[in-house]
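Here is a short walk through a protein model, taken one topic at a time. Have the sequence and the structure open while reading.

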2 protein chains.
Amino acid sequence: MSEEGKPVSFDGLACPLPLAEHPTVQMAHGGGGRMSQKLVGGMFLEAFDNPVLRTLHDGALVELGGARLAFSTDSFVIRPLFFPGGDIGSLAVHGTVNDVAMCGARPLVISAAFILEEGFPMEDLWRITRSMKGAAADAGVTVVTGDTKVVDRGKGDGVYINTSGLGLLQDGVEISPLRARPGDVVLLSGAIAVHGIAIMSVREGLEFETRLESDSAALNSMVASLLETAGEDVHVLRDPTRGGVASALNEIAAGAGVGIRLDEASIPISEEVRGGCEILGLDPLYVANEGKCLAIVERSAADATLAAMREHPRGGEAAIIGEVVAEPAGTVVLHSRIGGERIVDMLSGEQLPRIC
Amino acid sequence: MSEEGKPVSFDGLACPLPLAEHPTVQMAHGGGGRMSQKLVGGMFLEAFDNPVLRTLHDGALVELGGARLAFSTDSFVIRPLFFPGGDIGSLAVHGTVNDVAMCGARPLVISAAFILEEGFPMEDLWRITRSMKGAAADAGVTVVTGDTKVVDRGKGDGVYINTSGLGLLQDGVEISPLRARPGDVVLLSGAIAVHGIAIMSVREGLEFETRLESDSAALNSMVASLLETAGEDVHVLRDPTRGGVASALNEIAAGAGVGIRLDEASIPISEEVRGGCEILGLDPLYVANEGKCLAIVERSAADATLAAMREHPRGGEAAIIGEVVAEPAGTVVLHSRIGGERIVDMLSGEQLPRIC
């Protein structure tokens, strides 16, 4: 790093993230677990501190010119770029559409910013672009602005894509990770760990009886249906991507100061995915999903919400998987198939690098 | 590239960008010149075609929930990360703030998405983060959402940053590159080519009598002042970044179907920058600026607009540099110091890679 030209506004304040523990960036800082939390909380939140950012929602809720908007950003660095069930282009659309939808908003427009590596085959870029176009059309969003940068060979990995998205919140909708409260019910829209295991099966050359495809999909129509059904009784929505269901629920439990109890037997998972997890030594609760939605709802609305999920083409396997409790606050506890209980903590390390 | 899992929505349509001419991504596809135009026009515009994107404005103008918004995205891949007058963090804030401002909007919120390379010193990330914080505070924008990804060592270059921004358009403001019309006057807010030459001086180890610093700065307060002064008489605003003043004006001339005549003697440039350009064999008209604003205004409003620019702390050297004419349409012509005329075309190749 050149010592030339220290940033003008660098004021010499010490970094709030302990540098002795975190001297350099590690893969786990991007894994969605405890190391990610430390980097985001200890550096970015400290620097940019404001009430909107501090909610750590999937997107920001902002009011501009009288309009209530959800605004979200995500960069995609997945490898391989093409995988069973999708590619980096469709994933980049689904990811941001879903982050906006999880705020309870209707996604309308997105941006697309490409960081291309010199020498990347143009035909592959065209495949990715076509795929983005299809995914955007399917989700009903318009790509209204973009950017293209090229970096030298060996300074990228084919293509990285950032998408940012904007959606409109309807009156009366108030979805926030802080709204989980004791007595609420936890629903999940389908089988877990499919995306992560589909990606790992390509990387590791695993063979399954049927071809395992990523669940990457836009969830905005499902969210619209849930809100139509249960309205204000929907308290929290979250798509359990990096870090899986376990990390998403831990973040919610910590943020809202509640406990979450899960019933292992009711968490949908396919035999193939379970087998893949065993071979790879992964806990499926921590494996990424790209087309699944967690909903935490008022108990009285749980059955109607479950029925609405199951009616959706992507929600046939939806289930009630647990409940919100008062104690132990900030903790996710799993009631296992064989009767025991265990704490489902945040991961401290990196389980699956570059899964999204 | 794995042949596994072709994207679901890839429909086999041939790429509209001639692949025989563009088999792979080249540095020039990100340079802001003719190759960039071909990639954006021949691939991304063809795929995502819609009226908002087609204006090729610095940002998109969208109406959501009754609010008129400008929405812009930019990824920053500059090297070195720290340079005289700024760093990738402040630049990432200024770039997106300016793109939103050039739509005639007041920038309010931005996102910050980091792609970090494994092994990057955390202290450098803190310097960059602090610098973003300072730049955002100075520009009056709030960082409301973000994302962090980590890629393996050797698959990035320290840090890449994407910022996306949102701003609010006031009633009556209508800024568009399509609004340039014969008779309009072209203004520039200060001396050209400073950012590009400051970066190149670090890369190439050039020595100047005084230390040459990038002009990287937020221009939203200047734009607000111009709009207050000249209102609807301001037709086009543009910050001439990648590709410089020449590329920005060529895009406007082509888009609006007008000619632009420039008077070389009235284009502000410092002796140091001119000398740097000579040593490096660069035409300063094509070198990037990061704190300068082009304004194309109604002739009757030119003097008042110029006075408003000069009153701004960043506009002391503002000048009228040319005019819009009917013919030759789509062309920028420079009336040189020594009396001749030459066409100032788009660059076809890449002059300065990774300048922003």
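The model is a predicted one.

Begin with the relation between the chains. Two copies of a chain are related by a rotation about an axis and a shift along it.

Next comes the interface. In chain A, 109 residues are in contact with 109 residues of chain B. Of the interface residues of chain A, 100% are also interface residues in chain B, so the copies meet through the same surface. About 9300 Å² of area is buried between chain A and chain B, and carbon and sulfur atoms give 68% of that area. A:V25, A:M122 and A:W126 supply 9% of the area that chain A buries against chain B, more than any other three residues.

Helix α4 (residues 122-139) of chain A gives the largest share of the side of chain A that touches chain B, namely 13 residues.

Last, how many disulfides does the structure hold over all chains? The count is zero. For B:C103, the closest cysteine sulfur is in B:C293, 12 Å from its own sulfur, which is too far for a bond. B:C103 is buried, at a relative accessible area of 0%. A:C15 is buried too, with a relative accessible area of 15%.

Key:
Residues numbered from 1 in each chain as written. Chains lettered and ligands numbered in written order. Predicted model: local features only at pLDDT ≥ 70, side-chain atom pairs only at ≥ 80, totals over all residues. Heavy atoms only, no water. Disulfide = S-S within 2.5 Å. Buried < 20%, exposed > 50% of the residue type's maximum accessible area, 1.4 Å probe, protein only. Contact = heavy atoms within 4.5 Å. Buried area = accessible area lost by both parts, 1.4 Å probe. Helix = DSSP H or I, 4+ residues; strand = E, 2+ residues; numbered from the N terminus.
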